[in-house]
Amino acid sequence: MLAFIGGTGLTRIDALTIVERLEITTEWGAPSAPVVVGELKGEKVLFLARHGDPHVLLPHQVNYRANIAALKQAGATEIVAVNAVGGISADAISGAIVVPDQIIDYTHGRDTTFFDKKDGPVTHVDFSWPFDAGLRARLLAALASVEAPAVSGGCYAATQGPRLETAAEIVRLERDGGTIVGMTGMPEAVLAREIGLPYAMLSLVVNPAAGKVDREITMEEIEAVIHSGMAKVADALIAFVG
Ligand code: HPA
């Protein structure tokens, strides 16, 4: 079953007919919110609000292990994750929807693995290509079908937050190869890999990254783009199903 993880600005999908809300607990604790079982175009799908519903959890407060484990327990077989990001590269303009193909982790202090159980096996998963190629191709086709301003490929720089970056940090991320910057991509992506679930992202650019324009980044500007941009993301998700 397909599972969606909704981020800032996508706490729910209006077109989803809710069948059930599953209060799941996992050995890693409780997920951010109940896992919603819903129907979209006659297909059963799962939905989880990453930051809770209502939105209360900051990126570093999210229990990513519980979220991914809960989706697996609920029957997920693949995950499409939505997030809001800042744009670093010239093509990552506000309103663009990026389907990244790489990720760099700059977060710290988060629980990043399912494999740190006492006496558990020492396991190192391959993470050369963090996003599932098949899912990415299907997402790009769905974006094209709703004429969304899509960008194929890019490198998601995952920062700790909750503050935005300094201009110098963005220069560094760009030098590293980052094209977009957000706070939730890791460890979510690697946990999906560890648990064996194909995973891909839709990243909506909601602001130019720090220092890319000669002014401060305001929440008002971010919210204005989120509102219209997430409506387009939701259209693409609906097109993606069935
Ligand atoms: N930086 C990090 N995370 C973000 C940004 C940003 O500029 N915009 C939205 N999420």
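Analyst: Start with a definition. Ala, Val, Leu, Ile, Met, Phe, Trp, Tyr, Cys and Pro count as nonpolar, Asp, Glu, Lys and Arg as charged, and the others, Gly among them, as polar. One caution: this is a predicted model.

User: Which residues are around the ligand?

Analyst: They are Ala 84, Val 85, Gly 86, Leu 164, Glu 165, Val 181, Gly 182, Met 183, Val 206 and Asn 207. Each has a heavy atom within 4 Å of the ligand.

User: How many residues of each class does the shell around the ligand have?

Analyst: Six are nonpolar, three polar and one charged. Glu 165 is in the list, and Glu counts as charged.

User: Which strands supply at least two residues of the shell each?

Analyst: Strand E5 (78-87), strand E10 (180-182) and strand E11 (199-208) do. E5 gives the largest share, three residues.

User: Where does the ligand sit?

Analyst: In the largest pocket. To qualify, more than half of its atoms must lie within 2 Å of the pocket's grid points.

User: Why is the pair of Trp 28 and Phe 114 called tilted?

Analyst: Start with distance. The ring centres are 5.4 Å apart, and the limit for a pair is 6.5 Å. Now the angle. Stacked needs under 30 degrees and edge-to-face over 60. The planes stand at 55°, so the pair is tilted. It is one of two aromatic pairs in the structure.

User: What makes Trp 28 and Phe 114 a link between distant parts of the chain?

Analyst: They are 86 residues apart. Trp 28 is in the loop between E2 and E3, while Phe 114 is in the loop between E7 and H2.

User: What stands out in the backbone at Lys 41?

Analyst: Its phi is near 50°, a positive value in a residue other than glycine. Most such residues have a negative phi. Lys 41 lies in the loop between E3 and E4.

Conventions. Residues are numbered from 1 along each chain as its sequence is written. This is a predicted model: local features need pLDDT of at least 70, side-chain atom pairs count only at pLDDT 80 or more; totals for chains, interfaces and linings use all residues. Side-chain values use heavy atoms; hydrogens and water are left out. On a 1 Å grid over the protein atoms alone, a cavity is a set of points where a 1.4 Å probe fits but cannot get out, and a pocket is an open set with protein on both sides within 12 Å along at least five of seven lines; lining residues have an atom within 4 Å of a point. Helices (H or I, at least four residues) and strands (E, at least two) are DSSP runs, numbered from the N terminus. Rings of Phe, Tyr and Trp (its six-membered ring) pair if their centres lie within 6.5 Å; planes under 30 degrees apart count as stacked, over 60 as edge-to-face and the rest as tilted.
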